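Please work through each task before reading its solution.

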Amino acid sequence: MTIETVPPESVGLCSTRLSRINHVMQQQVQKGAFSGISTLIARRGQVVHFEQYGDRDREAKLPMQQDTLFRLYSMTKPIICTALMTLYEQGKFDLKNPVSDYIPAFAQLKVLETDDQGNETRTELNQPVSIHHLLTHTSGLAYDFYEEYKVCELYRQERLFANASNVSLEQLIDRLCQFPLAFQPGTKWYYSVSIDVIARLIEIISGQPLVDFLNDTIFQPLSMTNTGFHVAKEKQHQMAAMYGGVDLWGENVSWSTLMDVWEKKINHRLDVSDTDPIDNPAFARGGSGLKSTASDYFQFCQMLLNRGSFNGARILSPKTVDFMHINHVDTSLLPLAFANWQLPGLGFGLGSRVVIDTAKNQLLGSDGEFGWAGAAKTYYWIDPKEELIGLFLTQYMANYSTIERQFQTLAYQAIIE
């Protein structure tokens, strides 16, 4: 899809103010913070800003373009959760259903608990892991790069997420079920591999491979022709190169490792072909793995902003989209905490974070605004009150700058009506 922009003033934004984005992004590229960046702003269904800066491949001196493909990493998650909710609308499951109804190995899970002396015990679950727990990251699952729980170390020792190109989604979840949970389901919000389990549930409930289900349910109806886990050979030249200090999914990578390379501002080219391949048709995941363009992901975002439909294709009902983007996390588990960071003012819906207190979030926006980000510094948000969509795309692994917050501020300050 070719995106055409309209004058910002036609939808209540100021051109002069909006142009501040260009200055900031060009500065970021010129000082070497990023090789290349693509940014998009849309309001009231119209794109008012779609710009590219720098190179998608700095070594080859290939410029960032409108059709550049990006590894989305965790921006895969909202698409997967949307796909699952299409099955929910068909009455295929209830959110309260135990995951073990579909993946029997979940019935055997235990919680790994450690006392003050370091003694470990595996205790029974107080309640089964439900589909709702998975969607809201309250399941007790974890990620291998965390350090708060012993389970995270076990993931790393067994290289659970390494060699992705050689492990199918079914095999990954089978392996995951061999590990205990980090905590009792429903007692903590902890960002995790749970959406990979959701992806496996899609396969089991629908009876289709994940790739086929996504194509039939989301990508084809929305004309997202450049989105998938596998990139066709004739499109591989469109891929943006990956930069950073370390591959997040590499062997024995912990949060301390990530913070160390970030503090040293290590920014070299990374080979992530093993952990996030582009040329393996069998590769599929739920928590990461999709590749897409800015225009394709915009179409997905516009569908959500339109409460379930885009260009004549209805993916979800308005009621379902609204339900997905309210806070589903008990207030006793707030504020959300991501590794060593707290996220005040945010709740979590069924697939993405949602702003529940704009003042506490300390960022221009609106209550009810929702979105998420990816490990390689990709970010989107959707504001139903302002009918606003923002997309920031680059490829820098484990970058902890606040550039996406600056970008969001620059978008909102341009609103004049």
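**Exercise 1: The largest cavity**

Among the 15 residues that line the largest cavity, Phe161, Asp196, Trp249, Arg285 and Ser288 lie nearest its centre. The model is predicted: local features require pLDDT of at least 70 and side-chain atom pairs pLDDT 80 or more, while totals for chains, interfaces and linings use all residues. Residues are numbered from 1 along each chain as its sequence is written, and side-chain values use heavy atoms, with hydrogens and water left out.

Task: State how much space lies in the largest cavity, and classify the residues of its lining.

Solution. Begin with the terms. On a 1 Å grid over the protein atoms alone, a cavity is a set of points where a 1.4 Å probe fits but cannot get out; a pocket is an open set with protein on both sides within 12 Å along at least five of seven lines; lining residues have an atom within 4 Å of a point. Grid points are joined across faces, edges and corners, and a volume is the space filled by probe spheres set on the points. The largest cavity holds about 150 Å³. Finally, its lining divides into eight nonpolar residues, four polar and three charged. Here Ala, Val, Leu, Ile, Met, Phe, Trp, Tyr, Cys and Pro count as nonpolar, Asp, Glu, Lys and Arg as charged, and the others, Gly among them, as polar.

**Exercise 2: The largest pocket and its strands**

Task: Identify the elements that give two or more residues to the lining of the largest pocket, and describe how β16 is paired.

Solution. First, the largest pocket contains about 960 Å³ of space. Its lining comprises 34 residues, with Phe338, Trp341, Leu343, Ala373 and Glu404 nearest the centre. The elements giving two or more residues are α9 (255-263), β13 (341-343), β15 (353-355), β16 (370-374), β17 (378-383) and α13 (403-412). Helices (H or I, at least four residues) and strands (E, at least two) are DSSP runs, numbered from the N terminus. By class, the lining holds 21 nonpolar, eight polar and five charged residues.

Second, consider pairing, for which DSSP must find at least two bridges between two strands. β15 and β16 run antiparallel and are joined by two bridges; Arg353 stands opposite Gly371 of β16. β16 and β17 also run antiparallel, with five bridges, and Ala373 has Tyr379 in β17 as its bridge partner. Three residues separate the strands of the β16 and β17 hairpin, in which Lys377 takes a positive phi near 65°.

**Exercise 3: Helix α3 and the cysteines**

Task: Determine how far α3 is enclosed, and explain why Cys301 is too far from Cys81 for a bond.

Solution. Helix α3 (residues 77-89) reaches 19 Å from its first C-alpha to its last, close to the 18 Å expected; the expected span is 1.5 Å times one less than the number of residues. Eleven of its 13 residues are buried, so α3 is largely enclosed by the rest of the structure. Buried means under 20% relative accessible area, exposed over 50%, and partly exposed in between (1.4 Å probe, protein chains only). The buried residues include Lys77, Cys81 and Leu87. Gly91, which follows α3, has a positive phi near 75°.

Turning to sulfur, a disulfide is a pair of cysteine sulfur atoms within 2.5 Å. The closest cysteine sulfur to that of Cys301 is in Cys81, 14 Å away and therefore too far for a bond. Cys301 is buried at 0% relative accessibility. The search of the whole structure finds zero disulfides.
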